[in-house]
Amino acid sequence: MALVASIGIAGQFCFSPSAHAAKDVALVSGAFRRSIPVKEIEHLAKSGEPIGLLKNLLSLSGQDPADVAKLLNQKIDLPLVLTSRLVSTRIGDAIIKRVAKIIYPIYTPQATVSVPAIRAGVVNGLQLEEGGLTAVSFLKAYPNDVMAVNLPALFAVIDKAQSIAGLVKFFSDSPLDGLKDGSKP
């Protein structure tokens, strides 16, 4: 019986890309929560013009709507079959578990729910968007009404990425340049 229930849940997540889709993206930081309708995000991606709460958030943060629209439309080229296989491997599972600390269904952040939801969002999103995955196609394929984005976890990842990039830049631009060609600094 448990196997049948698992197959039913997996089928709901993986075989019906239009049956469930995120309706809202909830930005969460502790007790703070603001939800942005996916329709507003999709409108920005299509038109370049923000509306509603998204317009207010972009204005407050000083973000250029054109830059955000470009980011929303940026397509990541992923082959469907290979990606579908990869997200089911141990490496894919480890990556998705890390992502699941940042995005997850609003009321069920546990990995047993968030990991299959992300997996389904990626695979079904690739079916919706020919030739790759965009943020909007992922949201349209995410199998939960409200996708939470843990802002502190997101900012921690961004900080790590920036510090790693800074470290790489430091060593590539540093006084160690003299060591590359054998001359003294």
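The tour below goes from one selection to the next and says what is found at each.

Before selecting anything, keep in mind that this is a predicted model, in which local features need pLDDT of at least 70 and side-chain atom pairs count only at pLDDT 80 or more, while totals for chains, interfaces and linings use all residues. Residues are numbered from 1 along each chain as its sequence is written, and side-chain values use heavy atoms, with hydrogens and water left out.

Select residues 38-47, which make up helix 2; helices here are DSSP runs of H or I with at least four residues, numbered from the N terminus. Within helix 2, show the side chains of Glu-42 and Lys-46, which lie four residues apart, about one turn of the helix, and which meet in a salt bridge with an N to O distance of 3.5 Å. A salt bridge is taken as a side-chain nitrogen of Lys or Arg within 4 Å of a carboxyl oxygen of Asp or Glu, and the structure holds five of them. Glu-42 is buried, with a relative accessible area of 16%, whereas Lys-46 is exposed at 69%; buried means under 20% relative accessible area, exposed over 50%, and partly exposed in between, with a 1.4 Å probe and protein chains only.

Lys-140 is partly exposed, with a relative accessible area of 36%, and Glu-42, Lys-46 and Lys-140 are linked in a network of salt bridges.

Move on to Asp-93 and Lys-97, which form a salt bridge whose closest N and O atoms are 3.4 Å apart, and which are separated by about one helical turn, being four residues apart in helix 6. Asp-93 is partly exposed at 22% relative accessible area, and Lys-97 is partly exposed at 43%.

Then select Leu-86, Ile-91, Ile-95 and Val-99, which make a nonpolar surface patch of about 360 Å². Patches are made of residues with over 30% relative accessible area and no salt bridge, like charges being joined within 9 Å and nonpolar side chains (Val, Leu, Ile, Met, Phe, Trp, Tyr) within 5 Å; accessible areas come from the Shrake-Rupley method with a 1.4 Å probe, and for residues only the protein chains shown count as cover. Helix 6 (residues 90-99) gives the most to this patch, with three residues, while Leu-86, partly exposed at 44% relative accessibility, lies in helix 5 (residues 80-86).

Arg-119 is itself buried, as are other residues of helix 7, including Ser-114, Val-115 and Leu-126.

**Last stop: Leu-57**

Finish with Leu-57 in helix 3 (residues 52-61), which is partly exposed at 26% relative accessibility and touches Leu-27 and Ile-36, not counting residues up to four places away in sequence.

Conventions:
Helix = DSSP H or I, 4+ residues; strand = E, 2+ residues; numbered from the N terminus. Contact = heavy atoms within 4.5 Å.
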